[in-house]
Amino acid sequence: MKISSVNCLDSKTRTKPMRNLWIALMAAYLYVLYKLMVLKDIPVIRIGRMRFKLGGTDDGPPNWVPFKTIKAYMLGRYGLMKAGLNLVGNVVLLVPVGFLAGCIHPNITWRQSLTVGLTVSSGIEIVQHVFRLGIFDVDDIILNTLGVLVGHVIFIRFAKKGFSRNPTP
């Protein structure tokens, strides 16, 4: 028996309990982001002989110049592995925010998602700066916001196809 797919943009298939679930998931994910990006509550990750401390540094001058850090990573000043982890990680960490924002507000536009991205990532950077829990870097805001926009695009792709409850081979 095939169950029809559910289109997130269709007001007939959206329910208040489902929206509340998306809101709860967003709140939980924002809490996880706070623990990871602000409190840096991350253990050292070991892959073979390599060790990665994903918490970053806690001191140094803030970067107010757009693309300064991104350019340094792209030119290999910090090593390929660190550059890849920083650039990709800052994008990937915020992808769920863009996706969940779409699930909560199915008619969200890319500009509204851009605003969500700027707000969330600026909030993270400001808290890090004010409470000296990290270094303010405008490039992190750019990369995080890009992640939210990628999440928005993923949501739009799923919303157009519909979420299949019972995929058929």
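**Figure 1. Overview of the predicted model.** The protein chain contains six helices and two strands, in the order α-β-β-α-α-α-α-α along the sequence; helices (H or I, at least four residues) and strands (E, at least two) are DSSP runs, numbered from the N terminus. The model is predicted: local features need pLDDT of at least 70 and side-chain atom pairs count only at pLDDT 80 or more, while totals for chains, interfaces and linings use all residues. Residues are numbered from 1 along each chain as its sequence is written, and side-chain values use heavy atoms, with hydrogens and water left out. Of the 169 residues, 33% count as buried (buried is under 20% relative accessible area, exposed over 50%, partly exposed in between; 1.4 Å probe, protein chains only). Among contacts (heavy atoms within 4.5 Å) with a separation of 6 or more, 77% join residues 24 or more positions apart.

**Figure 2. The largest nonpolar core.** A nonpolar core is a set of buried Ala, Val, Leu, Ile, Met, Phe, Trp, Tyr and Cys residues joined through side-chain atoms within 4.5 Å. The largest has 18 residues, of which Met-26, Leu-33, Leu-94 and Val-97 touch the most other members. Helices α1, α4 (95-104) and α6 (138-161) each supply at least two residues of this core. A second, separate core of six residues includes Ile-70, Tyr-73, Leu-87 and Leu-143.

**Figure 3. The stacked pair Trp-64 and Phe-136**. Five aromatic pairs are found in the whole structure; rings of Phe, Tyr and Trp (its six-membered ring) pair if their centres lie within 6.5 Å, and planes under 30 degrees apart count as stacked, over 60 as edge-to-face and the rest as tilted. The ring centres of Trp-64 and Phe-136 are 4.3 Å apart with planes at 25°, so this pair is stacked. Trp-64 lies in the loop between β2 (50-52) and α2 (68-74), and Phe-136 in the loop between α5 (110-130) and α6, 72 residues apart. Trp-64 is exposed at 55% relative accessibility, whereas Phe-136 is buried at 7%.

**Figure 4. The edge-to-face pair Phe-99 and Phe-158**. The ring centres of Phe-99 and Phe-158 are 5.9 Å apart and their planes lie at 80°, so the pair is edge-to-face. Because Phe-99 is in helix α4 and Phe-158 in helix α6, the pair ties together parts 59 residues apart in sequence. Phe-99 is buried at 17% relative accessibility; Phe-158 is partly exposed, with 41% relative accessible area.
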